[in-house]
Amino acid sequence: MNRDVHYIHRQRGMALFQVLLLTAVIAVLAIQFTQTAKNQVSIASTLGNRVQAGVDMRTAESQLLFALLTEQRYQHNAESLPIVNQWNFYGKPFSVNEKVEYVIQDQNGLIGLFRAKDTSLLASGFGAIGVQQPQTLAAGIIDWQDADSNINLGGAEQGQYASPGKPSNFPFQTYQEIAHVNGLFGKNWYDIRPFVSIRPQTYINPKLAPKELLALHLPAEQVAKVVELRENNQLTDSFFSSLTGLTTDEGVFFSASGLLRVSIKVKSDDVVFTNKLEFKVQPYDRHPFIEYEKTI
């Protein structure tokens with residue numbers, strides 16, 4: 001009798017153990033399935049956000065290009081184009097909604113490197129943005145592009161470079177090429193890129209220059225006033241001229257051009273896309289849109 005009771009208790013214990021083990025296995029599987037489902041939902045959501053961000057980016061680019069080709073390039077009311085009500089062309093970020101942020105910089109307000117010949121003008125610009133030896137870099141930039149083998153003061157021609165093919169004796173094709181120029185001491189090419197342009201400029205526009213470069217054209221007190229006025233959208237061409245004493249001529253103009261550097265940032269929940277573009281818009285030309293560069 002005792003042996004039978006012991007056997008029954010043992011069987012009950014084994015059954016209970018098996019039930020508990022099976023319950024634990026099922027619980028682990030349920031947790032795993034739940035976690036897998038959550039991961040799959042998260043992945044699907046992220047993919048959905050990426051697709052939406054891509055759509056929003058293409059929309060933002062198209063809306064900007066349409067506005068640039070159809071509207072005057074200054075801030076004014078345009079009921080069907082909200083971007084025109086907010087835009088500026090001196091590099092200040094602006095938004096038309098919570099998803100999209102634009103930055104537009106008129107390249108005629110930057111230091112022009114394309115076939116540059118004036119060493120002192122380049123050196124002044126490089127000094128304003130903190131280049132350690134601006135004269136050397138300025139001379140190196142000119143020697144890099146000119147077709148002769150004459151060395152400008154502080155510059156470098158083929159004999160001063162250890163690698164073949166340097167200098168190119170041709171205008172810069174990319175901004176990365178600046179990294180190979182003799183004289184870029186203490187700076188990387190991407191440190192100076194926001195302030196320089198390798199594209200052909202038709203004129204200089206000091207009104208839309210970055211704050212650091214305004215000092216090349218104006219005394220300090222005028223720089224502060226210009227920055228204040230344009231931040232408040234109160235700086236007209238005539239006001240700028242009367243304030244600074246600068247006037248337009250064949251090489252200086254105050255209106256925004258179509259030679260632009262643009263950054264577009266789009267957010268869709270936790271997904272952020274940024275496109276950077278350089279292009280030229282000329283609505284009445286045979287080629288109204290010329291894209292120089294696009295990075296995603």
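The model is predicted, with local features requiring pLDDT of at least 70 and side-chain atom pairs pLDDT 80 or more, while totals for chains, interfaces and linings use all residues. Residues are numbered from 1 along each chain as its sequence is written, and side-chain values rest on heavy atoms, without hydrogens and water.

The structure contains 10 salt bridges, each defined as a side-chain nitrogen of Lys or Arg within 4 Å of a carboxyl oxygen of Asp or Glu. In one of them, Asp56 pairs with Lys99, with 3.6 Å between the closest N and O atoms. Asp56 belongs to helix H1 (residues 2-70) and Lys99 to the loop between strand E1 (94-95) and strand E2 (100-106), so this pair ties together parts 43 residues apart in sequence. Helices (H or I, at least four residues) and strands (E, at least two) are DSSP runs, numbered from the N terminus. Asp56 is buried at 13% relative accessibility, whereas Lys99 is partly exposed at 33%; buried means under 20% relative accessible area, exposed over 50%, and partly exposed in between (1.4 Å probe, protein chains only).

Glu101 and Lys265 form another salt bridge, their closest N and O atoms being 4.0 Å apart. Glu101 lies in strand E2 and Lys265 in strand E5 (residues 259-268), so the bridge ties together parts 164 residues apart in sequence.

Turning to the glutamine, Gln282 sits in the loop between strand E6 (271-281) and strand E7 (289-295) and is buried, at 18% relative accessible area.
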